Every structure is written in structure tokens, then in C-alpha cells.
Amino acid sequence: MSEGRRPDSISSDDLAAILESAVLAPSSHNTQPWRFEVSESGVSLFADRLRALPVNDPDDRELTISCGCALFNLRIAAAHAGFAASCELLPSPEEEDLLARVSFKRFTGSEDHEAELFQAIARRRTYRKRFEPKPVSASVLDTLAEAAEAEGAWFQVLESEPDRQQVAELVAEGDASQWSNPSWRRELAAWMHPRRKGDGLTVPGMIAPVAQLVVRTFDMGNGVGAKDRQLADESPVIAALGTSGDGMADWLQAGQALARVLLTSLGQGLQASYLNQPIQVAVLRPKLQHLLGRSGFPQILLRLGYPATDLPAVPRRNLQEVVEAPGNGDSKTQQFKRR
């Protein structure tokens with residue numbers, strides 16, 4: 001596609017920058033399960049089911065949520081570049097991998113109200129360490145709830161100590177269930193990669209084979225569960241993000257809401273990580289839902305707080321691995337190499 005024919009005069013450089021932000025979204029096991037196609041009319045987002053986690057995520061629920069996060073990043077990066085991104089979700093029922101079509105329209109004035117979130121995209125981390133023992137104010141939590149609601153989702157903080165303890169127990173129970181499953185351990189080990197691979201859970205190259213062998217061989221559920229229970233107990237905020245329904249459209253909605261909450265939390269000095277075991281283990285999800293005491297479906301369980309240290313960014317695949325431009329061959333894909 002020539003420069004002059006790009007949708008609403010968006011340049012190749014702008015489009016590459018927008019997609020570079022999109023692929024910084026979080027994903028389960030850092031699988032990065034998305035694929036983009038660039039056409040005359042805009043960008044199409046596809047699920048890359050070759051990067052699915054059939055044991056951890058048998059319905060591709062988290063895969064779809066991850067793609068929703070990438071879609072939200074794309075929207076914010078487009079706003080930063082001066083374009084409104086119009087998104088059509090699930091536009092073609094016969095193409096189950098096609099999750100969204102995005103078209104771009106240049107802002108005519110100072111309309112980039114989303115662009116303030118852009119700077120947070122590169123700073124977001126999945127913070128698995130302990131947070132500082134500092135409370136998060138009610139006004140900040142209200143801001144995060146509003147962020148989720150802006151994307152059609154809900155955000156509920158578990159405030160009472162008994163509720164927090166019950167959640168911590170569900171997390172530990174989920175750990176025990178997952179680690180007792182040899183297929184789950186093999187899947188986890190398969191995504192433990194040296195940083196140079198560009199995806200997965202980063203492990204130093206020299207010890208990667210040993211780490212993979214240990215994870216495949218030993219049920220470490222009790223130890224991991226105890227650690228995660230402690231993390232939950234000590235986290236300033238434990239919150240669930242959910243939706244009214246539980247289909248693909250709801251999962252995409254949850255992903256966009258999650259991304260907005262995460263980027264908004266960065267503006268408040270917070271980082272987050274996940275305690276999704278009670279949602280991933282099917283028999284535990286209704287227990288969490290009952291504990292929350294509301295209608296709808298919990299999609300993500302978050303822990304949030306003020307980070308005690310900075311963490312490096314996790315590795316990402318090059319754009320040329322995730323972007324396609326039909327009809328233009330390899331030369332088209334070359335322009336999406338990382339700059």
C-alpha cells in the first residue's frame with residue numbers, strides 16, 4: 001500500500017508505532033497470541049491460536065482477553081498519533097479468529113482525550129514481587145472502577161479481611177490443582193524461554209533446560225500456593241474485574257477494560273499482577289463469584305500496590321512476526337521491523 005493510500009492519510013511510520021504499542025499488551029505466559037493484518041481500510045486483529053494454552057486456558061478465554069488488551073493499546077497509541085480508532089468487534093461470525101476490525105480517522109481538533117494513557121504503555125509491568133506496605137486511597141480505587149466501567153466492565157475490591165483470606169485460600173487451592181496436573185506443568189515448562197526467544201516466561205539461557213525439567217517433573221503446588229497466599233495477604237489491593245456475560249465479545253470487553261485499568265493505575269503510581277487461579281480452575285470460579293456477591297462473571301483477579309523497585313520489560317516478538325499485509329508479499333512486512 002502506497003503512502004498516499006493509507007487509511008485517512010496514516011503513514012507507515014505512524015502505523016508501525018501504533019502496532020508497536022499494541023504488542024506491549026499483557027498476555028498469559030507472555031504468549032502474545034495476536035496477529036494483525038494491514039489493509040487499505042485499516043487493521044484487522046486476529047487471534048493466533050497456535051499460541052494458545054489448551055490446558056491452562058481451554059476455552060481461549062484468557063487468549064481473547066489478551067487480544068482485547070492489545071486492541072486497547074492500539075486505540076490509545078492511535079490517539080497519541082492523532083487518530084481516532086473505530087473498532088468493530090467480531091465483524092465476521094464465519095471467521096472465528098477475526099476479533100476486530102479497526103479503521104482510523106484523523107482528529108480534527110484537540111480530541112485525543114485518550115492519549116494521556118499512552119506514556120503508561122511502555123512502563124506497565126506484571127509486578128510479581130511484594131508491594132510496598134502502603135495503602136491505596138479510596139479515591140484512587142474509585143478512579144480504577146470508573147476506568148473499568150468506561151469499557152463496559154466492573155471492578156470490585158475485596159475489602160474485608162475475611163474476604164481477602166478466602167480469596168487467598170482459593171488462590172492456593174488453584175495452585176494445588178494446577179500443579180498436580182502433569183499436562184499443565186508440561187505446558188508451563190514449554191513456555192519457559194531464554195530472553196532471546198522474544199516471548200514466554202523468561203529464564204536465563206544457561207538454566208532454562210534444568211528449570212523446564214524441574215517444572216515438568218515435580219508438583220510444587222504446595223510451595224507455590226504458600227507463596228501466592230502470602231502475596232495475596234500482603235497486597236494492598238485485591239480486586240476482581242468482570243463482565244455481565246461470558247462470551248467472546250465479553251472477553252474482548254474485559255481485555256480492553258483490563259488494559260484501561262492497568263494504564264490508569266500507572267498514572268496513580270501503581271503496578272499490578274494476577275492471581276487468576278480461582279478463575280482458571282473451573283470448579284473454583286463459582287466460589288469466587290459467590291464471594292463477590294454480584295451478578296456477572298469474574299474474568300481477572302488482580303493484586304495492586306506501589307512497587308518497591310523497577311522491573312525490566314519482558315521480551316517481545318518483532319512486528320514482522322505478527323503483522324501481515326495481504327497482496328504485498330514480504331516487502332510489505334519489512335516496514336514493520338522494529339525501529
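## The second largest pocket

Let's start with the second largest pocket, which has a volume of about 340 Å³. Keep in mind as you look around that this is a predicted model. The pocket has 17 lining residues, and those nearest its centre are Pro58, Ile279, Gln280, Val281 and Ala282. Two helices, α5 and α10, each give at least two residues to this lining.

What is the make-up of the lining of the second largest pocket by class? Seven of its residues are nonpolar, five are polar and five are charged.

## The largest pocket

Now turn to the largest pocket, with a volume of about 1600 Å³. Its lining has 49 residues, and His29, Thr126, Arg128, Leu201 and Tyr274 are the ones that lie nearest the centre. Several helices contribute two or more residues each, among them α2 (61-80), α5 (161-179), α6 (182-190), α8 (221-234) and α10 (277-280).

By class, the lining of the largest pocket divides into 24 nonpolar, 14 polar and 11 charged residues.

## Two positive phi values

Most residues other than glycine have a negative phi, which makes the next two residues worth a visit. His29 has a positive phi of about 55°. You will find His29 in the loop between α1 (12-22) and β1 (34-39). Is His29 buried or exposed? With a relative accessible area of 14%, His29 falls below the 20% cut-off, so it is buried. His29 is also one of the residues nearest the centre of the largest pocket.

Asp60 is the next stop: its phi is positive as well, near 60°. The residue sits in the loop between β2 (42-47) and α2. Asp60 counts as buried because its relative accessibility is 13%, under the 20% limit.

## Helix α11 and what covers it

Helix α11 spans residues 285-292, and its buried residues are Arg285, Leu288, Leu291 and Leu292. Why can these residues be said to line one face of the helix? Seen down the axis of α11, they fall within an arc of 120°, so they line one face.

Which elements cover the buried residues of α11? The cover includes the helices α2, α5 and α10, together with the strands β5 (154-157), β8 (237-243) and β10. After α11 comes Gly293, with a positive phi near 70°.

## Aromatic pairs

A pair of aromatic rings can be described by the distance of the centres and the angle of the planes. The structure holds two aromatic pairs. One of them joins Tyr127 and Phe131, which are stacked, at 5.2 Å centre to centre with 15° between the planes. Both Tyr127 and Phe131 are buried.

## Enclosed cavities

Beyond the open pockets, how many cavities of 30 Å³ or more are there? The count comes to three. The largest cavity has a volume of about 50 Å³.

Its lining consists of Ser28, Thr31, Pro33, Arg51, Ala52, Leu53, Asp57, Glu62, Leu63 and Ser66. Sorted by class, the residues lining the largest cavity are four nonpolar, three polar and three charged.

Technical notes. Residues numbered from 1 in each chain as written. Predicted model: local features only at pLDDT ≥ 70, side-chain atom pairs only at ≥ 80, totals over all residues. Heavy atoms only, no water. 1 Å grid on protein atoms, 1.4 Å probe; cavity = no way out; pocket = protein on both sides within 12 Å on 5 of 7 lines; lining within 4 Å. Points joined across faces, edges and corners; volume = space filled by probe spheres on them. Helix = DSSP H or I, 4+ residues; strand = E, 2+ residues; numbered from the N terminus. Nonpolar A, V, L, I, M, F, W, Y, C, P; charged D, E, K, R; others polar. Buried < 20%, exposed > 50% of the residue type's maximum accessible area, 1.4 Å probe, protein only. Arc of directions from axis to C-beta. Contact = heavy atoms within 4.5 Å. Phe/Tyr/Trp six-rings, centres within 6.5 Å; stacked < 30°, edge-to-face > 60°.
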